[in-house]
Each structure stands twice: as C-alpha cells, then as structure tokens.
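Subject: Structure handover

Dear colleague,

Here is the structure for your files.

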Amino acid sequence: MGQRHGFDHFRPTCELLESRENPANLIWSEHSFDDTPPGSLPAEWRQWNSRGTGQFEVSAAVAWDGRQSLSSQNSMPQASRAWINQVFPADFGIAANFFLNSPQPIHLFARGSNVDGFLPTYYAVSLTRGLRLELLRVVNGHARTLAVVQANVDLNNSWVRVALKPVGSQIAVQLLRHDTGQFLNARGSWQSAETDAILVEDHAIPGGGFLGIHRPDRN
C-alpha cells in the first residue's frame, strides 16, 4: 500500500440559490454523512477514479462539529471524483466545510456532465491550503481559469466553508473561515461583512447537472 500523503475532509450541502435581487440561499439538501458507515459512501453518491478504485469514503478521523465527514486520500498519481447521483437544475450550488490540511487542491463542482470519465464538463472552485481560490471552467476535460484569489495571510489546518454559487450566467465563490467568522474578499483580505471572493459572468455551461467533488492528479 502506498504512503498516504494526508487527508481532505468535507461536509457538503446542496443549495438552491435564488436570484441575487432576493438571495435567500435556501438549503435544499444537506449531506452530513453521520448515518453512513465509515469506509463507504452514502447510497445516493457515486464516485469515479482514473485507476478504477474509489478514493472517497466517510471517515470520523477529522470531522466538522465532531461528526463524520467525507474524506479523500491519494497515494499515487490519479484523479478522483464523487458526486450526488441526481441531475440538479442550473441554479443549484454546492457548499462544503473543508479542513485545510493537504497541499493538494480539491474542487467543488456544479453543472456537471460526463463526470464518470476522463472528459467531464462543469464549473468548479479549486481550493488549496495557504490559501488559494481558483474558479475553473472545465469543458470535455479541458480546464480554463476564470478567476484567482490568493489570501494575503496563510491559512492551514483550519476549517473553512466554501460555496460555489451559479445563478444564470453569474458564477460566484464565497469562502468563510470558521475560526474568525470572516469572509475572503476579492483582494485576498478578510472582512466581517459577507461578500463573494469571486464573481464572474460566463455563458459556456448554461444547463443543470451533477454536484460533487473532484480531486485532481497528484503531481
């Protein structure tokens, strides 16, 4: 068995996002993983791995709020992906509490299609400890960076909440650090008032799709 290079832990939720003129940000479904046996996935989740073996599983090793979380570990170069096995409307977003303890980036994606193979299409927010946020547009497996925000103060071994919020052609990313209750803004600074770290307009992927998590190849 290869050496494990650290874990990533998540507490995802699926959110129905209303228009920005009336942003209620209703939570449609929350996946806490508390009732799922460790070492498995909930029945409504699916996963794919470039080497044919799953890398996502429920774990109690490190968990937000003292409960179970979804974890990922990559011991060799490979890509892993897990998603809720349901097609959601275009304006559904995904949010997750994420523990920053790995140098490998993790992606939260929405409007996903062909996610069970090498040529997926989706919008994704890439999160790397330190802290770096990147909004990606992936079409048929080819990724293009739409925006990047680098935090001006390193943040490691901490829990943050990341939300990818597509509404029409507007794609927003929000990040909240739980230790201080502050939000990352577009300049890479932290502030008390709620704000989006990234907000762009893009028309390339207009329809609905799957919501999930992607772990890229280990370099």
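A salt bridge here is a side-chain nitrogen of Lys or Arg within 4 Å of a carboxyl oxygen of Asp or Glu. The model is predicted, so local features need pLDDT of at least 70 and side-chain atom pairs count only at pLDDT 80 or more, while totals for chains, interfaces and linings use all residues. Residues are numbered from 1 along each chain as its sequence is written, and side-chain values use heavy atoms, with hydrogens and water left out.

By the salt-bridge rule the count is 5. One of them joins D179 and R177, at 2.8 Å from N to O. Of this pair, D179 is partly exposed at 49% relative accessible area, whereas R177 is buried at 13%. (Buried means under 20% relative accessible area, exposed over 50%, and partly exposed in between, with a 1.4 Å probe and protein chains only.)

R132 pairs with E134, their closest N and O atoms being 3.8 Å apart. R132 is partly exposed at 34% and E134 is buried at 16%.

D202 and R137 also form a salt bridge, with 2.5 Å between the closest N and O atoms. Because D202 sits in the loop between β16 (198-201) and β17 (210-215) and R137 in strand β10 (residues 130-139), this pair ties together parts 65 residues apart in sequence. D202 is buried at 10%, and R137 is buried at 15%. Strands are DSSP runs (E, at least two residues), numbered from the N terminus.

Lastly, F88 lies in the loop between β6 (80-84) and β7 (92-99). F88 is buried, at 3% relative accessible area. Its C-alpha atom is 6.0 Å from that of F210, 122 residues apart along the chain.

Regards

How values were computed. Helices (H or I, at least four residues) and strands (E, at least two) are DSSP runs, numbered from the N terminus.
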